[in-house]
Amino acid sequence: MKFFIDTADVEAIKKAVELGMCDGVTTNPTLIMKSGKDQKSVIREIAKIVKGPISVEGIADDAPGMIKEAEEFSKWAPNIVVKVPMTKEGLKAVRYLSSKEIQTNVTLVFSASQALLAAKAGATYVSPFVGRLDDISENGMKLVADILEIFCAYDFKTEVIVASIRHPLHVVDSARMGAHIATMPADVFEKMFRHPLTDKGIAQFKDDYAKTKK
Ligand code: E4P
């Protein structure tokens with residue numbers, strides 16, 4: 001299973017890279033805004049430290065506009081993946097970009113039918129947004145299970161990026177289902193390491209070790 005970091009915060013990405021746990025990065029306009037930098041410079045900075053796929057999102061509404069943005073983003077680094085919204089125009093762009101071997105990530109996927117359409121269009125990745133579904137009392141992880149079942153049944157090559165992750169259990173459930181990738185905010189990645197019994201155990205062992213040195 002691959003771990004992507006869902007942020008444009010270069011320092012957070014560096015920490016995950018140092019741990020050898022950053023297989024890729026996903027960004028969106030909101031995350032770029034939070035970084036306080038302009039999109040091109042921050043993506044180029046990230047590309048210097050991350051070898052895996054880096055998803056970059058544009059704002060065009062129609063396929064020609066999306067293709068133009070994609071061609072521009074692709075010049076920034078060899079590992080750029082172009083995020084395309086789950087719309088008819090988006091899928092037209094995906095079909096064209098896939099014929100040009102530009103990798104795509106169909107974003108804002110909220111149903112299995114949308115994921116199926118994206119796979120048929122030739123998307124490299126689809127991103128179901130589990131947290132945003134949970135937020136409106138729908139079951140985000142059930143959607144991931146449905147998409148994986150469909151992709152598996154037809155041997156689609158499209159990989160599933162579980163996105164809009166809110167907590168470590170989303171990552172664990174993604175892993176149990178065999179999702180290809182989980183893209184997680186830095187704080188969720190951080191939380192995956194922690195357990196109070198680990199901290200308590202370390203403290204106790206240190207205390208006991210000190211007692212042997214009297
Ligand atoms: C994924 O590619 C998106 O950037 C992200 O996961 C959206 O998450 P949010 O719902 O927390 O904004």
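User: Hi! How close do the axes of α8 and α9 come, and at what angle do they cross?

Analyst: Hi! This is a predicted model, and in it the axes of α8 and α9 come within 10 Å and cross at roughly 20 degrees. An angle under 35 degrees counts as roughly parallel, so α8 is roughly parallel to α9.

User: Is that crossing right-handed or left-handed?

Analyst: The crossing of α8 and α9 is right-handed.

User: Which residues make the contact?

Analyst: On the α8 side they are M141, V144, A145 and L148, and on the α9 side H170, D173, S174 and M177. By class, the contact of α8 with α9 has five nonpolar residues, two polar and one charged.

User: Let's stay with α9. Which of its residues are buried?

Analyst: Helix α9 covers residues 168-177, and its buried residues are H170, V171 and S174. Looking down the axis of α9, these buried residues fall within an arc of 100 degrees, so they line one face of the helix.

User: Why would residues three or four places apart point the same way?

Analyst: An α-helix has 3.6 residues a turn, so residues with that spacing point the same way.

User: And what is exposed on the other side of α9?

Analyst: L169 and R176 are exposed there.

User: What do the buried residues of α9 pack against?

Analyst: Their partners are the strands β1 (2-6), β7 (159-162) and β8 (181-184), together with the helices α7 (130-135), α8 (140-154) and α10 (186-193).

User: What follows α9?

Analyst: G178 does, and its phi is positive, near 85 degrees.

User: Okay, on to another pair. At what angle do α1 and α3 pack, and how far apart are their axes?

Analyst: Helix α1 (residues 10-18) and helix α3 (residues 39-49) pack at about 10 degrees, with axes 10 Å apart. That makes α1 and α3 roughly parallel to each other.

User: Which residues meet in α1 and α3?

Analyst: From α1 you have V10, I13, K14 and V17, which meet V42, E45, I46 and I49 from α3. The contact of α1 with α3 divides into six nonpolar residues, no polar ones and two charged ones.

User: What about α6 and α8: where do their axes come, and at roughly what angle do they cross?

Analyst: Helix α6 (residues 112-121) and α8 have axes that come within 9 Å and cross at roughly 35 degrees. The crossing of α6 and α8 is right-handed.

User: Which residues of α6 and α8 meet?

Analyst: A112, A115, L116 and A119 of α6 meet L143, D146, I147, I150 and F151 of α8. The class count for the contact of α6 with α8 is eight nonpolar, no polar and one charged.

User: Switching to single residues. Where is T107, and which strand holds it?

Analyst: T107 is in strand β5, residues 104-109. Its relative accessible area is 0%, so T107 is buried.

User: What is T107 in contact with, leaving aside its neighbours within four places in sequence?

Analyst: T107 is in contact with E57, K83, V84, P85, M86, S127 and F129. K14 from the α1 contact is 93 residues from T107 along the chain, and their C-alpha atoms are separated by 25 Å.

User: And L133, buried or exposed?

Analyst: L133 is found in helix α7, and with 4% relative accessibility it counts as buried. Leaving aside neighbours within four places in sequence, L133 is in contact with F110, E138, G140 and L143. L143 also turns up among the α8 residues that meet α6.

User: How far apart are L133 and S98 in space?

Analyst: They are 28 Å apart, C-alpha to C-alpha, and 35 residues apart in sequence.

User: Last topic, backbone angles. What is the phi of E101?

Analyst: E101 has a positive phi, near 60 degrees, and is a residue other than glycine. Most residues other than glycine have a negative phi.

User: Where is E101 found?

Analyst: E101 is in the loop between α5 (88-99) and β5. With a relative accessible area of 73%, E101 is exposed.

User: What about the phi of L108?

Analyst: The phi of L108 is positive too, near 60 degrees. L108 lies in strand β5, where T107 also has its place. At 32% relative accessibility L108 counts as partly exposed, whereas T107 is buried.

User: Great, thanks!

Definitions and conventions
Residues numbered from 1 in each chain as written. Predicted model: local features only at pLDDT ≥ 70, side-chain atom pairs only at ≥ 80, totals over all residues. Heavy atoms only, no water. Buried < 20%, exposed > 50% of the residue type's maximum accessible area, 1.4 Å probe, protein only. Helix = DSSP H or I, 4+ residues; strand = E, 2+ residues; numbered from the N terminus. Arc of directions from axis to C-beta. Contact = heavy atoms within 4.5 Å. Axes fitted to C-alpha atoms, helices over the stretch in contact; angles between N-to-C directions. Parallel < 35°, antiparallel > 145°, perpendicular 65-115°, else oblique. Left-handed = near helix turned anticlockwise from the far one by under 90°. Nonpolar A, V, L, I, M, F, W, Y, C, P; charged D, E, K, R; others polar.
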